[in-house]
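Subject: Handing over the helix model

Hi there,

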Amino acid sequence: DTHYPEAAFYIGLIYWQQNNYEQALAVLTPLADELKLTSVYNTLGAIAVEASRAEKKDKAKAAGRLAQGIDFLKKASESDPEDPESRFNYSVGLFLT
């Protein structure tokens, strides 16, 4: 269906708003590989960084999520170097490392 990617993107955002980071990442990660859009990479990066900061029990999982977020934010920043939101989010992610 031609509307699937857009619907999946919004479902991922809903999961994110509900602080259900695992589901948000699960829905949006395949979408990023398929669409290769700056906004999807940027959103995924922000979700992964937020998930990392919310993870209090498992330090290794938090570090893995942060690394995943940095990777997505780097892709977003590289795909549109002039986008201030992507550059800001990437900078914040690098600062947190």
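Predicted model: local features only at pLDDT ≥ 70, side-chain atom pairs only at ≥ 80, totals over all residues.

Residues are numbered from 1 along each chain as its sequence is written, and side-chain values use heavy atoms, with hydrogens and water left out.

**How the helices pack**

Let me begin at H1 (residues 4–17), whose axis comes within 8 Å of that of H2 and crosses it at roughly 150°. Helices here are DSSP runs of H or I with at least four residues, numbered from the N terminus (strands are E runs of at least two). The axes are lines fitted to C-alpha atoms, for helices over the stretch in contact, and angles run from 0 to 180 degrees between N-to-C directions. H1 and H2 are therefore roughly antiparallel to each other; angles over 145 degrees count as that, under 35 as roughly parallel, 65 to 115 as roughly perpendicular and the rest as oblique. The crossing of H1 past H2 is left-handed, a word used if the near helix is turned anticlockwise from the far one by less than a right angle, with right-handed for clockwise.

On the H1 side the contact includes Phe9, Tyr15 and Trp16, and on the H2 side Tyr21, Leu28 and Leu35 are among the residues that take part. Contact means heavy atoms within 4.5 Å. By class, this contact has twelve nonpolar, two polar and one charged residues. For these classes, Ala, Val, Leu, Ile, Met, Phe, Trp, Tyr, Cys and Pro count as nonpolar, Asp, Glu, Lys and Arg as charged, and the others, Gly among them, as polar.

Next come H2 (residues 21–35) and H3 (residues 38–54), with axes that come within 10 Å and cross at roughly 155°. That angle makes H2 roughly antiparallel to H3. H2, too, passes H3 in a left-handed crossing. Among the residues that meet are Tyr21, Leu25 and Leu31 in H2 and Val40, Leu44 and Ile47 in H3. The residues of this contact divide into 13 nonpolar, two polar and one charged.

H3 also pairs with H5 (residues 84–96): their axes come within 10 Å and cross at roughly 25°. H3 and H5 are therefore roughly parallel to each other, and H3 passes H5 in a left-handed crossing. Here Thr38, Asn42, Val49 and Arg53 in H3 meet Glu85, Ser86, Asn89 and Leu96 in H5. By class, the contact of H3 with H5 has two nonpolar, four polar and two charged residues.

**Residues to find in the viewer**

Asn42 sits in helix H3 and is buried, with a relative accessible area of 6%. Buried means under 20% relative accessible area, exposed over 50% and partly exposed in between (1.4 Å probe, protein chains only). The side chains of Asn42 and Glu85 are joined by a polar contact of 3.2 Å. Such a contact is a pair of N or O atoms within 3.5 Å; within protein, one must be able to donate a hydrogen and the other to accept it, and residues adjacent in sequence count only if both atoms are side-chain atoms. Not counting residues up to four places away in sequence, Asn42 touches Leu73, Ala76, Glu85, Ser86 and Asn89.

Gly69 in helix H4 is buried at a relative accessible area of 0%. From C-alpha to C-alpha, Gly69 and Asn42 are 8.7 Å apart in space and 27 residues apart in sequence.

Arg65 belongs to helix H4 (residues 59–79) as well, and at 16% relative accessibility Arg65 counts as buried. A polar contact of 2.6 Å joins its side chain to that of Glu22.

Phe88, in helix H5, counts as exposed at 55% relative accessibility.

Finally, two loop residues. Asn19, in the loop between H1 and H2, has phi near 60°, a positive value in a residue other than glycine. Lys36 lies in the loop between H2 and H3, and its phi is near 55°, also positive in a residue other than glycine. Lys36 is exposed, with a relative accessible area of 56%.

Enjoy exploring!

Best wishes
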